[in-house]
Amino acid sequence: GVRADPKIVDITRKTATAQTLIESQIRCSLSEKDQYLYYFFVQHPGRTLVFCNSIDCVRRLVNLFQLLECEPLGLHAQMQQRQRLKNLDRFVSNPTAVLIATDVAARGLDIKDVQHVVHYQVPRTAEGYVHRSGRTARAQKEGLSVIMIEPGENIMYKKTCHTLKRKEELPEFPIDNSIFSSVKKRVQVARELDKLLLTTKKEDVNKSWLKKTAEEADIDYSEDSDEDCTQMKDEASFRLKEKEANKRKSSIDAKRYELKQLLCLPVTQYGFSGKYPTMTGQLQLPSDFKGIYMLIITFLQ
């Protein structure tokens, strides 16, 4: 039933991402990604969706940024459906919420007013990048997409650019180096605290497992008998381990206090932080935001 000379109308765009999407990149080492991500949360608050390639990465970031009082929400395939929906509701209801997720959140979710998307890890495919970035700049609204690239991900990033037929590099995301040292210190202390807490948690899980196993085998159990399973039966070894546990507890308390003191101090005493970075002028600034910015400057003068 089609005519011999049908007319074809191609409505596809040259770029795979939305026209209202501002894209940028951060080149950094693997160890610096946490610092740049925390910098982004502090300097550019807003409803932010952070994507990772693995569940372990999501869990680690959620634990770390909870210590930094960013109140992150997690979302991945191993969570119960009830918890997923609960976290999504919290994300939608809070205009400054942070959701750290795997690619389960990259498609099939229509979340309104997501202002920022951060690719903490370079997506494995160009399609993944497009779908992730598509969580923001929806319905003709503006949005910002930032991709973090460490040297080991450079090849995967280049493949993405080749697939999307992009010859030009994305502009660098502007960073205020004057406050980055204080951001770095906070993240460093939070990492040390997280490592200590993880070690303590592993020991508690091990003790819980031993106790449960002993109860199932109808064997008397006490914490002093933990060493039987690791062939550390003498009293000196047990005391040494107990001493290490007490020392670690003191270190945890000290790190908690140090981090609390750092978080009480403002990262910067002055300046303007907004939804879109404008320090270098490399990123296109939405016209409505320019008006707001000029109004603030005029008011301050």
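**Salt bridges, strands and burial**

Tutor: Begin with a pair: Asp34 and Arg60 meet through their side chains in a salt bridge (2.9 Å, N to O). Asp34 lies in helix α1 and Arg60 in helix α2 (residues 55-67), so the pair ties together parts that are 26 residues apart in sequence. The model is predicted: local features need pLDDT of at least 70, side-chain atom pairs count only at pLDDT 80 or more, and totals for chains, interfaces and linings use all residues. Residues are numbered from 1 along each chain as its sequence is written, and side-chain values use heavy atoms, with hydrogens and water left out.

Student: What is a salt bridge, and how many does the count come to?

Tutor: A salt bridge is a side-chain nitrogen of Lys or Arg within 4 Å of a carboxyl oxygen of Asp or Glu. By this rule the count is 14 salt bridges.

Student: Is Asp34 buried or exposed?

Tutor: Buried means under 20% relative accessible area, exposed means over 50%, and partly exposed is in between (1.4 Å probe, protein chains only). Asp34 has 2% relative accessibility, so Asp34 counts as buried. Arg60 counts as partly exposed because its relative accessibility is 32%.

Student: Which residue meets Lys33 in a salt bridge?

Tutor: The partner of Lys33 is Glu153, at 2.7 Å from N to O. This pair links distant parts of the chain, 120 residues apart: Lys33 is in helix α1 (residues 33-43), and Glu153 is in the loop between β6 and α5 (154-163). Both Lys33 and Glu153 are buried.

Student: Which residues are linked with Lys255 in a network of salt bridges?

Tutor: The network links Lys185, Glu192, Lys255 and Glu258. Within it, Glu258 forms a salt bridge with Lys255, and their closest N and O atoms are 3.6 Å apart. Glu258 and Lys255 are separated by about one helical turn because they are 3 residues apart in helix α7 (residues 235-264). Glu258 has a relative accessible area of 27%, so Glu258 is partly exposed.

Student: How are helices and strands defined, and how many of each are there in the protein chain?

Tutor: Helices (H or I, at least four residues) and strands (E, at least two) are DSSP runs, numbered from the N terminus. The protein chain has 8 helices and 6 strands.

Student: Which strands does β5 pair with?

Tutor: Two strands pair if DSSP finds at least two bridges between them. Strand β2 (residues 48-51) is joined to β5 by 4 bridges, and the two run parallel. Leu49 has Val117 in β5 as its bridge partner. Strand β6 (residues 143-149) is also joined to β5 by 4 bridges, again parallel, with Val118 opposite Val146 in β6. From β5 the chain crosses through helix α4 (residues 126-133) to β6, in a right-handed β-α-β crossover. Right-handed means that, with the strands pointing away from the viewer, the path from the first strand over the helix to the second runs clockwise.

Student: Which way do the residues of β5 point?

Tutor: In strand β5 (residues 116-119), His116 and Val118 point one way, Val117 and His119 point the other way, and all are buried.

Student: Which side chains does Glu23 make polar contacts with?

Tutor: A polar contact is a pair of N or O atoms within 3.5 Å; within protein, one must be able to donate a hydrogen and the other to accept it, and residues adjacent in sequence count only if both atoms are side-chain atoms. The side chain of Glu23 makes such contacts with the side chains of Thr17 (3.1 Å) and Arg166 (2.9 Å). Glu23 is in strand β1 (residues 21-27).
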